[in-house]
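Here's a quick tour of a few strands and some aromatic contacts. Take a look at the model before reading on.

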Amino acid sequence: MSQSKSTHLDRVSLGTLLVTLGIIYGDIGTSPLYVMKAIMGKAIIQEEVVLGAISCVFWTLTLQTTIKYVFLTLKADNNGEGGIFSLFTLVKKLKKPWLIVPAIIGGSALLADGIITPPISISSAVEGLKIYQPELATIPIVIGILVGIFFIQQFGTKTIGRFFGPMMMIWFLMLGILGFSHLIDNLSVLRALNPYYAFHLLTIHSEGYLVLGFVFLCTTGAEALYSDLGHCGIKNIRISWMFVKAMLVLSYFGQGALLIEHAGSTLMDLSPNSAQPANPFYLVMPDWFLPFGIGIATLAAVIASQALISGSFTLINEAIRLNLWPKVRVKFPTNIRGQLYIPSINFLLFIGCVFVVLHFKESGNMEAAYGLAITLCMIMTTILLGYFMVLKRVPLIIIILVEIIYLSIEVSFFISNVQKFSHGGYVTVIIAGVLASVMTVNYLGKKIRRNYTDLVNIVDYQDILTDLSQDQTMPKYVTNLVYLTNAYNPSKIEYKAMFSIINRRPKRADNYWFVHVNVVDEPYKSEYKVVKYGTHQNILRIDFYLGFRNEQRINVLMKQVVTELMLQGEIDITTRYESLHKIDAIGDFEYVLIEKELSYDNDLPMKEKIILDLYDFLKKISLSEEKAFGLDSSAVKVERFPLIINPIEDLPLKRLE
């Protein structure tokens, strides 16, 4: 990690802590909106259930969020960046190919969570208006807010981002003050700090294990907290978490104290209308404060949604760099490092969120769909975390202990959430399954193609290219001919590129360039290396080393490289045409992209054929190579080359006399 980057992330001040509140805690910070309501449901309020539920929430926040994520997982940073794909990037150094499986499952589950979080947070907040107007149709309001949130993504959040920190500070202070005001009326609720009550609920009470599925909702934002590590740094997160956890605990205990006061009743009895159960979150508010509380809750829900959407963009961007997602257009709406916008993902998330709102209608119905997918993500993170500890040479006994504890907790959460499957959990599972399928097909398709790509040594062709470049009997094709290559070895090039130059309409050029992009583990690395071939040094291999969060704008990068080579006298790119050479005119550039198409002359196993067919379909609907690499379409030529992986044997053909 560079010193400047490290210093930026390690700097702690009131300003950085405020920014951290606005960026990191949107998801986990809005959980008090719906957790206690989901736990209590329509059942009769019982003191032992309330104490057990509050105890479960407290110890879940302590064991799962505080210890696992804030203190253990945040250490697994990839040059300051976090998230399950960054964690996978670290552990893949162990050369265990199967680790891609938990990475794909975890990433897909986290994206699915990004589709359910905005609807449930915003719906829970807006439904507070039903206190005043029980028959109010909240669906149009929720969809209207979603339209606004997704519309502003294209402009970035540079301006409104400054509003997030102070707004979340107000939100957390409101949670703490309202919770404390009820806690002091019934200090006996502090008994829930004793884990006995959680154990008693889970082992004795008939509904205990079902309650665990709703308790899990209090920690769903922990995975997003890890994903946003690169925005704020570990110190800011750890320090601010102490404040956030204190406010969350006060809110939950305050809601618990109020519920115990109404033991024997139901949330339906406490509701101002009989249409739906009352929300304990709003019950703790004085009547005069309700309008302000609903407004603040709605703004906090919007910020939570914004954080999940931005996190989804970052996740997809990393997936593209890891060859887990088809290339799509990525935009950078502001000059803030790391902030990006992906139009296609923005549209898909919007459609998904609107579908969730229309399908479930109320937040109470969404609670059943929430949590199942993200438990999978947490289990996958735990598996990868174990291998990260192996990489860091942590004592084996500690690794085993950590894995047993957290896999036991998370598998328990998963089993309790599985019971939600038929009540709505299938929605996020299906979404996660589709996303995982796309990632799997893209990964395997690229791998199969790469395994069957013919590579040749550039040095074996340097004399031919030099002679071709000097052949005056052949009309010049272009001054500078550039091929993009997938060959990682700097001395190699795909055979198809040489075939294109020599056999498919021979292409005479003054300079031949072969360009390769290496996506490296450091998020923002930007370097290049040049290797020259031929007696005239006019055959050049350029290898770019770009971080997985950098734009791959080859057109811009190549201009910079060419300029530096010219200034150092290493290359002459002025045109050789006599009439233009007198005025030192710069020669033209043309980029050649070779699209490999699966040939019909193949006899492939059914599995590989299906994968390659699906991969080709994904390529057709995804971003073209020229747009993905930021190339000027007027200077790009696309050639199609048959991909013959396993040629069909000679057919029994007989010549007739």
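## Strand β6 and its neighbours

Keep in mind that this is a predicted model. Strand β6 covers residues 539-547, and eight of its nine residues are buried. On one pairing, β6 runs parallel to β4 (residues 508-520) over nine bridges, with valine 515 bridged to isoleucine 542.

The pairing with β5 (residues 526-533) is antiparallel and has eight bridges. Here lysine 529 stands opposite aspartate 543. β5 and β6 make a hairpin with five residues between them, and glycine 534 in the turn has a positive phi of about 85°.

## Aromatic pairs

The count of aromatic pairs comes to 18. One of them is tyrosine 25 with tryptophan 241, a stacked pair at 6.0 Å centre to centre and 25° between the planes. Tyrosine 25 sits in the loop between α2 and α3 and tryptophan 241 in helix α14, so the pair ties together parts 216 residues apart in sequence. Tyrosine 25 is buried at 0% relative accessibility, and tryptophan 241 is buried at 2%.

Tyrosine 528 is in β5 and phenylalanine 544 in β6, 16 residues apart. Tyrosine 528 is partly exposed at 31%, whereas phenylalanine 544 is buried at 2%.

## Clusters and charges over rings

Tyr25 and Trp241 also belong to one aromatic cluster with Phe172 and Phe243. As for charges, the charged end of lysine 245 sits over the ring of phenylalanine 58, 5.0 Å from its centre. Lysine 507 lies over the face of tyrosine 477, at 5.6 Å from the ring centre.

Notes: Residues numbered from 1 in each chain as written. Predicted model: local features only at pLDDT ≥ 70, side-chain atom pairs only at ≥ 80, totals over all residues. Heavy atoms only, no water. Buried < 20%, exposed > 50% of the residue type's maximum accessible area, 1.4 Å probe, protein only. Helix = DSSP H or I, 4+ residues; strand = E, 2+ residues; numbered from the N terminus. Pairing = 2+ DSSP bridges. Phe/Tyr/Trp six-rings, centres within 6.5 Å; stacked < 30°, edge-to-face > 60°. Lys NZ or Arg CZ within 6 Å of the ring centre and 35° of its normal.
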